[in-house]
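I opened the model to look up its confidence, its cores and a few of its strands. My entries follow in the order in which I made them.

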Amino acid sequence: MTATTQTGAAGIARPNESGGSRSRWSLSGEIPPSRSLYLVYLAVGLLLAEAAIGVVLVTGGASLLRPTSSSAPSEVTVPNGPPVAFELKAFITGFVGVGGAINGVRDPTLDVGWGDHVTVTLVDGEAMQHDLHLDGYNLETAWVSTPGASTNLTFQATLEGTFAYYCTFPGHRQNGMQGALVVGAATNPIGPEANLTTSFISHSPTAIPPPITRNYSTTVNVFLHAIEETAEIEPGVSYTYWTYNGTVPGPFLRVRVNDTVVVHFYNDPSSSMNHSIDFHAVTGPGGGASATQTAPGHWSNFSFLAMTPGLFVYHCGTPNIPTHIANGMFGMFLVQPSGGLPPVDHEFYLMESELYLDWPIHTMGNQLFNGTALLNVDPTYVVFGGRYDAYTGVHQLNVSVNDTVRIFFGEAGPNLYSAFHMIGSMFDESWLYGDLTDPPLHNLQTVPVPPGSTAMMQFMALYPGNYPLVDHQIVNAIDKGAFAILNVTGWANHTIFNRSGAPIREARDLRTPGAESPLSGLLLGRAPAREERPVRG
Ligand SMILES: [Cu+2]
């Protein structure tokens, strides 16, 4: 046992990366005590759940960091390098460097010279079991389980290359407990694009259940299947997502208020860890997360009364929750008000989220999750449907002039707000924060959607063209991928818009002055029509 050293504050760049593109990930702070305790609490619960259902240790699996060479040339004598020592403090969210150039750095890269005599000391930062395995050298420490307990590895760095180190306890590596040992001048290049298990990760915006027209309550069975899928974020860039039912977002679920919902949750045997579901539509512990902590290959079930109407998010509630959300585990749950929703020509389903990755955006190859970027809220991509510019080209949204359109929009986060906006038009009616009980706001340009919330927008398509749907936190749309196209085809009414600059006449007649618009007022019977409200200026 050795005394633990308090780690310092953020601000130390990872070695060997000061000029590299990965330096943006290089800063890390200590975990705030309250957050740490919360995560420990959740993780201990998870481990107990795992023990109860007999999960075996997972120590194998694919290497997250690809060794670039396996051995030094045999005819060259390994130099007798100096001793080099590192200390790492183990937390469920990652290893934190102690002392020297790695002080305070989360999952620091350990740079050593070829032939150096390396000691890596592992100190437990919390009352949880951890260890440290080093790929390539195939070395592993004993495990530690109490704060301050320590163990170590000592070896000579005879192999050049980049080698992953990680905790072998189930789920811990996925939670962020992984880093790299770099021996010699090797860097940590991105690996080649992985084999894809699905050609398009994004949920179709139009593949949603039809409006519920019944006027009575019933029992609705909901089936959700947690499964990992490897897909492209953009052409040439692969990533292994964690999904519900194989898409990001997961399925759009639709019930009527006061329906009884029976949730059937299955975690695929191929999953690398436990999963669960927290439905924001549920009144009950964890929104169902406590009832659905499920090991790979197992089922769980629970039921609830959908007594609150609204448009709700659901997401995974298994530690580390932000990681599970960022990896794609979220979706939307509509509890229709008893009066239903007004008929429209098109309903679309879109959800925004962030991807936190090892290498900069557009780097070709197989991207990996980066827990430091997540904690620093430094997303690599901000996307709809889990994919860069997902709903463009052949996947764009298509409507015709004079069609009425409804968009169900959700912000999964895990961290960012969306400023949802349609370039080239307004939303006639917007129900914010998933509230479908109060009257909508009218004629909004940009709709604020907090993480873990939703909004419902309606409008009539009036003029042909491409109308980008974006996050008006505009870097997210233009540079990071939160960009979709709503294509409107049909007759160009030049009294609305005219490229020639000719006089515009009778534009207000388009919405049948004096009458209700096709949308206004139908939902609740009290929203004023667009034309009936006072015109400012
Ligand atoms: Cu999960």
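**Entry 1: burial and overall make-up.** I took a residue as buried if 20 or more other C-beta atoms lie within 10 Å of its own. On that basis I found that 47% of the 537 residues of the protein count as buried. The model is a predicted one. I listed its secondary structure as four helices and 29 strands. I then looked at contacts with a separation of 6 or more, and 73% of them are between residues 24 or more positions apart.

**Entry 2: confidence.** I read an average pLDDT of 83 for the protein, with 79% of the residues scoring at least 70. Over residues 1–74 the pLDDT is below 50, and this stretch has 129 contacts in the model beyond near neighbours in sequence. I also noted residues 511–537, where pLDDT stays under 50 and the model has 40 contacts beyond four places in sequence.

**Entry 3: cores.** I asked which residues have the most contacts inside the largest nonpolar core. They are Met332, Phe333, Leu350, Phe408 and Ala484, in a core of 87 residues. This core lies between domain 2 (219–336) and domain 3 (346–531), because both give residues to it. I noted a second, separate core of 33 residues, with Phe86, Val96, Met128 and Val183 among its members. For background, nonpolar side chains in soluble globular proteins tend to be buried together.

I went back to alanine 484 and left aside its neighbours within four places in sequence. Its contacts include Leu350, Phe384 and Ala390, as well as Pro468 and Leu469. Tyr391, Thr392 and Leu397 are also in contact with alanine 484.

Entry 4: I traced an open sheet of five strands in the order 3-9-8-5-6, with mixed pairing. Strand 3 (110–112) and strand 6 (139–140) stand at the edges; each has a single partner strand, so one side of each is left without a neighbour in the sheet. I followed strand 3 to strand 9 (residues 178–183), and the two pair in the parallel sense over three bridges. In that pairing valine 112 stands opposite valine 183. I had already noted Val183 in the second core.

**Entry 5: strand 16.** Is strand 16 (residues 310–315) buried or exposed? Six of its six residues are buried, so strand 16 is largely enclosed by the rest of the structure. I sorted its residues by direction: Gly310, Phe312 and Tyr314 point one way, while Leu311, Val313 and His315 point the other way. In a regular strand the side chains alternate between the two faces of the sheet.

I checked the pairing of strand 16 next. Strand 14 runs antiparallel to strand 16, joined to it by two bridges, and phenylalanine 279 stands opposite tyrosine 314. Strand 17 (residues 330–336) is also antiparallel to strand 16, with six bridges between them. The bridge partner of valine 313 in strand 17 is methionine 332, which I had listed in the largest core.

**Entry 6: isoleucine 277.** I located isoleucine 277 in the loop between strand 13 (260–267) and strand 14 (278–279). I counted isoleucine 277 as buried because 31 other C-beta atoms lie within 10 Å. Not counting residues up to four places away in sequence, isoleucine 277 touches Phe265 and Tyr314, among others.

Notes:
Residues are numbered from 1 along each chain as its sequence is written. This is a predicted model: local features need pLDDT of at least 70, side-chain atom pairs count only at pLDDT 80 or more; totals for chains, interfaces and linings use all residues. pLDDT is the predictor's confidence in each residue, from 0 to 100. Two residues are in contact if their C-beta atoms, placed from the backbone, lie within 7 Å. A nonpolar core is a set of buried Ala, Val, Leu, Ile, Met, Phe, Trp, Tyr and Cys residues joined through C-beta atoms within 7 Å. A residue is buried if 20 or more other C-beta atoms lie within 10 Å of its own, exposed if 12 or fewer, and partly exposed in between; C-beta atoms are placed from the backbone. Domain bounds come from an automatic or database domain assignment. Two strands pair if DSSP finds at least two bridges between them.
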